[in-house]
Amino acid sequence: MDNDAIDKILDQYQGQAGSLIRAMMEIQEEEHWLPREVLAKISVTLGVPFSRVLRIASYYKTFSLTPKGRHEIQICTGTACHIRGAQEVLDAVEELTGIKPGETDLDQKFSLET
């Protein structure tokens, strides 16, 4: 975790509760996930209750509370995609990467989402 980069991002939003989601997005982009200690730091720096920060991080699919790989693979499995062979694509990606949807490989190189 790059604490200097996180501090630099948070310094821009010091005390600005209205910038919560923007700050979280920037940190997510930098770190690929939001560790609990970072959520606590966001809470203190922006002056937002920790419960609110955690609720937002849990609610929006954009945010991840578990480590993600540098490369996020997203495969559509909706009805239209399913009809066009999404399951075969998903099976091939699972075989190549060794991970299932919602997982990240041990090297934190790839994450797979459907």
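Modeller: Happy to; I will begin with the pocket, follow one of its residues into the salt bridges, and finish with the disulfide, a surface patch and a loop contact.

Please keep in mind that this is a predicted model. The largest pocket holds about 340 Å³ of space. Its lining is made up of 15 residues, and those closest to the pocket centre are Lys61, Thr62, Lys68, Glu72 and Gln74. Two elements, α2 and β1 (71-74), each give two or more residues to this lining. Helix α2 gives the most, with 3 residues.

Lys68 forms a salt bridge with Glu113, and the closest N and O atoms are 2.4 Å apart. Are the two partners buried or exposed? Lys68 has a relative accessible area of 14%, which is under the 20% cut-off, so Lys68 counts as buried. Glu113 is buried too, because its relative accessible area is 17%.

Why would such residues pair at all? Side chains of opposite charge can do so when their charged atoms come close. The whole structure has 4 salt bridges, and the Lys68 and Glu113 pair is one of them.

Another brings us back to α2, the helix that gives the most residues to the pocket lining. Glu26 forms a salt bridge with Arg22, with 3.3 Å between the closest N and O atoms. Both residues lie in helix α2, and they are 4 residues apart, about one turn of the helix. Glu26 is buried, because its relative accessible area is 17%, whereas Arg22 is partly exposed at 42%.

A further salt bridge is where the side chains of Lys100 and Glu94 meet, at 3.6 Å from N to O. Lys100 is partly exposed, with a relative accessible area of 48%, while Glu94 is buried at 16%.

Now for the sulfur atoms. The structure holds 1 disulfide, and it joins Cys76 to Cys81 with an S to S distance of 2.1 Å. The torsion about this S-S bond is about 95°, so the disulfide is right-handed. Cys76 is partly exposed, with a relative accessible area of 42%, and Cys81 is also partly exposed, at 25%.

Together with Met25, Tyr59 and Tyr60, Ile21 forms a nonpolar patch on the surface, and the four share about 410 Å² of accessible area. Ile21 itself is partly exposed, with a relative accessible area of 33%.

Gln14 lies in the loop between α1 (3-12) and α2. Gln14 is exposed, because its relative accessible area is 52%, over the 50% cut-off. The C-alpha atom of Gln14 is 5.5 Å from that of Thr45, although the two residues are 31 residues apart along the chain.

Conventions: Residues numbered from 1 in each chain as written. Predicted model: local features only at pLDDT ≥ 70, side-chain atom pairs only at ≥ 80, totals over all residues. Heavy atoms only, no water. Patch = residues over 30% accessible without salt bridge, like charges linked within 9 Å, V, L, I, M, F, W, Y side chains within 5 Å. Areas by Shrake-Rupley, 256 points an atom, 1.4 Å probe, with all protein chains shown as cover. Buried < 20%, exposed > 50% of the residue type's maximum accessible area, 1.4 Å probe, protein only. Disulfide = S-S within 2.5 Å. 1 Å grid on protein atoms, 1.4 Å probe; cavity = no way out; pocket = protein on both sides within 12 Å on 5 of 7 lines; lining within 4 Å. Points joined across faces, edges and corners; volume = space filled by probe spheres on them.
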